Amino acid sequence: MHEISVVLPAIADGEDKSSPFVNRIRKNYRHVRKWAKRTHTDCFRIYDKEIPQYPLAIDFYAGRFCVHYFSRSIDDPEPPKEIVDETVQALKTIFAIDEELVFWRTRSKRKETRQYEKMGGAKEFFTVLEFGVKFKVNLVDYLDTGLFLDHRETRKIVASASAGKRVLNLFAYTCSFSVHAAAAGAAFTKSVDMSNTYTAWGRDNFDLNGFPLQDNPIIRADCLKFLDEEVRSRVKYDIIVIDPPTISRSKKMDQLFDIQVDYTTLISKALKLLVKGGMIIFSTNSRKFVFDSLLFPTCSIVDISHKTLPIDFHDPKIHRCWKITLNE
């Protein structure tokens, strides 16, 4: 996969003494660019809320820029004009780009009960690379882009263990964990998500990389119901990835899904599908989540959150992640 060349814009050295914000973006990009060229990756974070006056995260996607504004107010979620203007000007100064390549997202403090949110219908997709693997991304139509950059290292951990293995990916979104597993030589992957949109997107990601769907089926289903059916079929997996939403209320679900309430049932059902010595990678973005390892006495459980924080992310609480191994 790694023979694909990555094009990353070079930027001029120098310091803008009038703008710590510009300097921070420039410094971050120059640092990450060296790693990105070496790893065949062209999607990564170049600014991560490091200066309090600029409550933003800026992600680079193959020459485009996705700016996330973190609103401090529920009533006024939109970014102030001066921040928008200064951010666009900073990116134009550093990268010599047109404003049309800057896309904005607003993250407010309101309680969200859906996993993903559709914003438009432009269908503006393009391809990015992560460790040489191709993924479709959309910076226009959805609140999320199709690839959660904070889980890059988690995907690498799963891929590194996947050669010759059977991998189950629950709450699969656009199937990035499964695609990486297939690229690493997994014998079989199965991806499960409730969304028609994202299961179709996942199929496109497999097609992009030339992996046959007969060896990598994608199932649209409620993951908890799917687990019950899969247990009855007596199939087994070597690796199971579980990265659920914190809270989700879908028309296709019978009831509200709450990670703190439902994780015990979710993991217990998944363990019934795991071979002895197999592993579950369980992750959550919930900052309030409490994991009680005593509930799973047949397992060895290790918090691997620190190993899954990418080089370009500065918030150690961006997600939490556990490796759960079924004892032999």
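How much area do domain 1 and domain 2 bury between them, and what share of it is on carbon and sulfur atoms? I looked this up first. The model is a predicted one, and in it the two domains bury about 880 Å² between them, with 65% of that on carbon and sulfur atoms.

**Entry: the interface, domain 1 side**

I noted that Trp35, Arg45 and Asp48 are the residues of domain 1 that lose the most area to domain 2. Together they make up 52% of what the domain 1 side buries. I then checked which elements give two or more residues to this side, and found helix H1 (20-39), strand S1 (43-48) and strand S2 (56-61). Sorted by class, the side of domain 1 that touches domain 2 has 5 nonpolar, 3 polar and 4 charged residues.

I went back to the bounds. The domain assignment gives domain 1 as 20-107 and domain 2 as 148-326. The contact takes 12 residues from domain 1 and 8 residues from domain 2. I read off 29 Å between the C-alpha centres of the two domains.

**Entry: polar terms across the interface**

I looked for salt bridges between domain 1 and domain 2 and the count is 0. For polar contacts, the rule finds 4 residue pairs across the interface, both residues of each pair being at pLDDT 80 or more.

**Entry: serine 191**

Is serine 191 buried or exposed? I recorded serine 191 as buried, because its relative accessibility is 0% and the cut-off for buried is under 20%. I located serine 191 in strand S8, residues 188-193. Its side chain makes a polar contact with the side chain of serine 178, at 2.6 Å. I also listed the contacts of serine 191 beyond four places in sequence. Ser178 is among them, together with Asn169, Ala172 and Cys175. The list also includes Phe206, Pro217, Ile218 and Ile219.

**Entry: threonine 265**

I placed threonine 265 in helix H7, residues 259-271. The relative accessible area of threonine 265 is 38%, so I put it down as partly exposed; that class lies between the 20% and 50% cut-offs.

Methods. Residues numbered from 1 in each chain as written. Predicted model: local features only at pLDDT ≥ 70, side-chain atom pairs only at ≥ 80, totals over all residues. Heavy atoms only, no water. Domains from an automatic or database assignment. Contact = heavy atoms within 4.5 Å. Buried area = accessible area lost by both parts, 1.4 Å probe. Salt bridge = Lys/Arg side-chain N within 4 Å of Asp/Glu carboxyl O. Polar contact = N/O pair within 3.5 Å; in protein donor to acceptor, adjacent residues only side chain to side chain. Helix = DSSP H or I, 4+ residues; strand = E, 2+ residues; numbered from the N terminus. Nonpolar A, V, L, I, M, F, W, Y, C, P; charged D, E, K, R; others polar. Buried < 20%, exposed > 50% of the residue type's maximum accessible area, 1.4 Å probe, protein only.
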